[in-house]
Amino acid sequence: FLSRSPFYCSSEDNKPTNNHQRKLHTQMPAMGNQQTAVDTSGNTREVQPGDKPEVTMSKQEWQARLGAKAYNTLRESGTDSAWSSDYLNHKGSGVYNCKGCGQQLFLSNTKYNSGTGWPSFDEAIPGTVLTKTDNSFGMTRTEILCSRCHGHLGHMFPDRKNRTGVRC
């Protein structure tokens, strides 16, 4: 786990445990000059006050489990440099799992080349991703978190290059 990436891809042999199927219900409504990703299918939900992660560890336990780079991404909302991810050009089939807790997050057939320099997916496995409004860096974005350990996975953006109009 030396990579900064917040996830890893398991092989084709590790199929989703609940036989998840792709769903096409994600919408991207315009809101003035800003756009915010909204998933009307129930694939994601906004973090609520009082929500507690199912998987918890001390800072030292997380650091030992993840290593410095992945810890910075998952637990401190850091980011890797564009074009540097081990999974940017990964084409294998399987399931992308949270590096923090192992939860299955994205099916490989939802991954696509967004041209942004980061691995991109057009949809999460239902119930595996939480969203949170992020107002850092002088802009409003939608942060995505693992629903099990609340690890930072990145941000959700509008993207008309894929079938859902949303990039995770």
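Just after helix α2, Ser77 adopts a positive phi of about 60 degrees. Helices here are DSSP runs of H or I with at least four residues, strands are runs of E with at least two, and both are numbered from the N terminus. The model is predicted: local features require pLDDT of at least 70, side-chain atom pairs count only at pLDDT 80 or more, and totals for chains, interfaces and linings use all residues. Residues are numbered from 1 along each chain as its sequence is written, and side-chain values rest on heavy atoms, with hydrogens and water left out.

The protein contains two helices and 14 strands. Of its 168 residues, 46% are buried, where buried means under 20% relative accessible area, exposed over 50% and partly exposed in between (1.4 Å probe, protein chains only). Among contacts (heavy atoms within 4.5 Å) between residues at least 6 apart in sequence, 61% join residues at least 24 apart.

The two helices can be considered next. Two packed helices are described by the angle between their axes and the distance between the axes. Helix α1 (residues 59–66) packs against helix α2 (residues 68–76) at an angle of about 125 degrees, and their axes lie 7 Å apart. Axes are lines fitted to C-alpha atoms, for helices over the stretch in contact, and angles run from 0 to 180 degrees between N-to-C directions. The angle therefore makes α1 oblique to α2, since angles under 35 degrees count as roughly parallel, over 145 as roughly antiparallel, 65 to 115 as roughly perpendicular and the rest as oblique.

From α1, the contact draws on Lys59, Trp62, Gln63 and Leu66; from α2, it draws on Ala68, Ala70, Tyr71, Leu74 and Arg75. Lys59 of α1 is partly exposed, with a relative accessible area of 45%. The C-alpha atoms of Lys59 and Tyr71, 12 residues apart along the chain, are separated by 9.1 Å.

Within α2, Ala70, Tyr71, Thr73 and Leu74 are buried. The buried residues of this helix pack against α1, β7 (95–98) and β13 (152–158).

Which cysteine sulfur is closest to that of Cys101? The closest belongs to Cys146, at 3.6 Å, which is too far for a bond. A disulfide is a pair of cysteine sulfur atoms within 2.5 Å, and the structure holds zero disulfides. Cys101 counts as buried because its relative accessibility is 12%; Cys168 likewise counts as buried, at 13%.
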